[in-house]
Amino acid sequence: GCLTMATDKLGIFNLCQTLLGDHRLVTLTDDCEARYALDSSWDRAVAFVFQAAYWRFALKTATLTHNGALTAIAGYTSTFAQPSNYYRPHAIYVLSGARECPIDVRQQGVLFHANTTPIYLRYIDSSLIATVGSWPETFAKAVAAYLAFDVSSRVSQDPQAPNAMFGIWQQYFGAAEA
């Protein structure tokens, strides 16, 4: 079928509806079961897809320097505050020339503890989770496919719909990851 660009939440909902073989929504306030199901699944589905891989478009790198106002935990000499937009780590390292070298770091709450400073943190940027317009189309399609899988048993009369949607999710996820 013809799939349109899923560049906003309504576009993603409509791609999901297309995958399920259902009618498209006109607005995000349509009074129908499908829209209620999609709304209730949205946050969980987006978080799941963000957790499923290290998405290149969402990776940021920060140089963290020791914050003397923070107390290091036993066994560590330096303490670093995580960036405000930190979601989860990809890599924590020091530079040796142009090489990234992993180091011993302990994360505790919103702090990192290490025995060297500065350290480099490559991480998933949490601000992009809610910024649907910044998502690459392949990622938006993966979210739509996961949503379709997640809501299929609630909105479809077809008992095979979850299996079919899981296959589509795997296909879209693979394309997005590549």
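This is a predicted model: local features need pLDDT of at least 70, side-chain atom pairs count only at pLDDT 80 or more; totals for chains, interfaces and linings use all residues.
**A note on rings and charges in this model**

1. Residues are numbered from 1 along each chain as its sequence is written, and side-chain values use heavy atoms, with hydrogens and water left out.

2. Now to the aromatic pairs. Rings of Phe, Tyr and Trp (its six-membered ring) pair if their centres lie within 6.5 Å; planes under 30 degrees apart are stacked, over 60 edge-to-face, and the rest tilted. By this rule the model has 19 aromatic pairs. One of them joins Phe-13 and Trp-42 edge-to-face, with 5.6 Å between the centres and 75 degrees between the planes. Because Phe-13 lies in helix α1 (residues 9-19) and Trp-42 in helix α2 (residues 33-52), this pair ties together parts that are 29 residues apart in sequence. Helices are DSSP runs (H or I, at least four residues), numbered from the N terminus. Phe-13 is buried at 0% relative accessibility, and Trp-42 is buried at 8%.

3. Phe-50 from the first point has a ring partner too: Phe-50 and Phe-57 pair edge-to-face, 6.1 Å centre to centre with 65 degrees between the planes. Phe-57, at 22% relative accessibility, counts as partly exposed.

4. The charged end of Arg-88 sits over the ring of Tyr-54, 4.3 Å from the ring centre. For this, NZ of Lys or CZ of Arg must be within 6 Å of the ring centre and within 35 degrees of the ring normal.

5. Next come the salt bridges, each a side-chain nitrogen of Lys or Arg within 4 Å of a carboxyl oxygen of Asp or Glu. The count is five. Among them, Glu-33 meets Arg-154, with the closest N and O atoms 2.5 Å apart. Glu-33 is in helix α2 and Arg-154 in helix α3 (residues 137-155), so the bridge links distant parts of the chain, 121 residues apart. Glu-33 is partly exposed at 40%, and Arg-154 is partly exposed at 44%.

6. Asp-150 and Arg-44 also form a salt bridge, at 2.7 Å from N to O. Asp-150 belongs to helix α3 and Arg-44 to helix α2, 106 residues apart.

How values were computed. Helices (H or I, at least four residues) and strands (E, at least two) are DSSP runs, numbered from the N terminus. Buried means under 20% relative accessible area, exposed over 50%, partly exposed in between (1.4 Å probe, protein chains only).
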